[in-house]
Amino acid sequence: MSHQLRVDWPACKGRGLCHELLPEIVDLDEWGYPIVTGPITDDLRPDAASAVRACPRLALRIVD
Ligand code: SF4
């Protein structure tokens, strides 16, 4: 089963911490908002969980 990183857009403030923690699957657009570029592969699960915990706006979730 593949998991995805989901962004809660009204909550996200676009400072890009998630990109720093998870550059493999999070790019930033020109305003600094995250663009999720792919699924959370097994090897990225720990980093994805860290990004969810670290988001200062609690704007990230892992969904199936
Ligand atoms: S860490 Fe959270 S608030 Fe910051 S850009 Fe990513 S989703 Fe948005």
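Leu58 is placed in the loop that runs between helix H2 (45–54) and strand S4 (60–63); helices (H or I, at least four residues) and strands (E, at least two) are DSSP runs, numbered from the N terminus. Leu58 has a positive phi of about 50°, although it is not a glycine. Most residues other than glycine have a negative phi. Leu58 counts as exposed because it has 11 C-beta neighbours inside 10 Å. The classes are set by the number of other C-beta atoms within 10 Å of a residue's own, with C-beta atoms placed from the backbone: 20 or more is buried, 12 or fewer is exposed, and in between is partly exposed.

This is a predicted model, in which local features need pLDDT of at least 70 and side-chain atom pairs count only at pLDDT 80 or more, while totals for chains, interfaces and linings use all residues. Residues are numbered from 1 along each chain as its sequence is written.

The overall fold comes next. The C-alpha trace spans about 30 × 20 × 15 Å along its principal axes. Of the 64 residues, 17% are buried. Among contacts between residues at least 6 apart in sequence, 51% join residues at least 24 apart, where a contact means that two C-beta atoms, placed from the backbone, lie within 7 Å.

The largest nonpolar core has 10 residues: Leu5, Cys18, Leu22, Ile25, Val26, Ile40, Ala48, Ala51, Cys55 and Leu60. Such a core is a set of buried Ala, Val, Leu, Ile, Met, Phe, Trp, Tyr and Cys residues joined through C-beta atoms within 7 Å.

Ala51 sits in helix H2 and counts as buried because it has 23 C-beta neighbours inside 10 Å. Beyond four places in sequence, Ala51 is in contact with Cys18, Leu21, Leu22 and Leu60. Leu5 is 46 residues from Ala51 in sequence, and their C-alpha atoms are 9.6 Å apart. Leu22, with residues up to four places away left out, touches Leu44, Asp47, Ala48 and Ala51.

Ile40 lies in the loop between strand S3 (34–36) and H2. With 21 C-beta neighbours inside 10 Å, Ile40 is therefore buried. Not counting residues up to four places away in sequence, Ile40 touches His3, Gln4, Leu5, Ile25, Arg45, Ala48 and Ile62.

Ala54 also belongs to helix H2, but it counts as partly exposed because it has 13 C-beta neighbours inside 10 Å. Outside four places in sequence, Ala54 touches Leu17 and Leu21. Ala54 and Leu21 are 33 residues apart in sequence, with a C-alpha to C-alpha distance of 8.8 Å.

The ligand has 14 residues around it, of which Cys12, Leu17, Cys18, Cys55 and Arg57 come nearest; a residue is near a molecule if its C-beta atom, placed from the backbone, lies within 6 Å of it. This shell has 9 nonpolar, 2 polar and 3 charged residues. Ala, Val, Leu, Ile, Met, Phe, Trp, Tyr, Cys and Pro count as nonpolar, Asp, Glu, Lys and Arg as charged, and the others, Gly among them, as polar.
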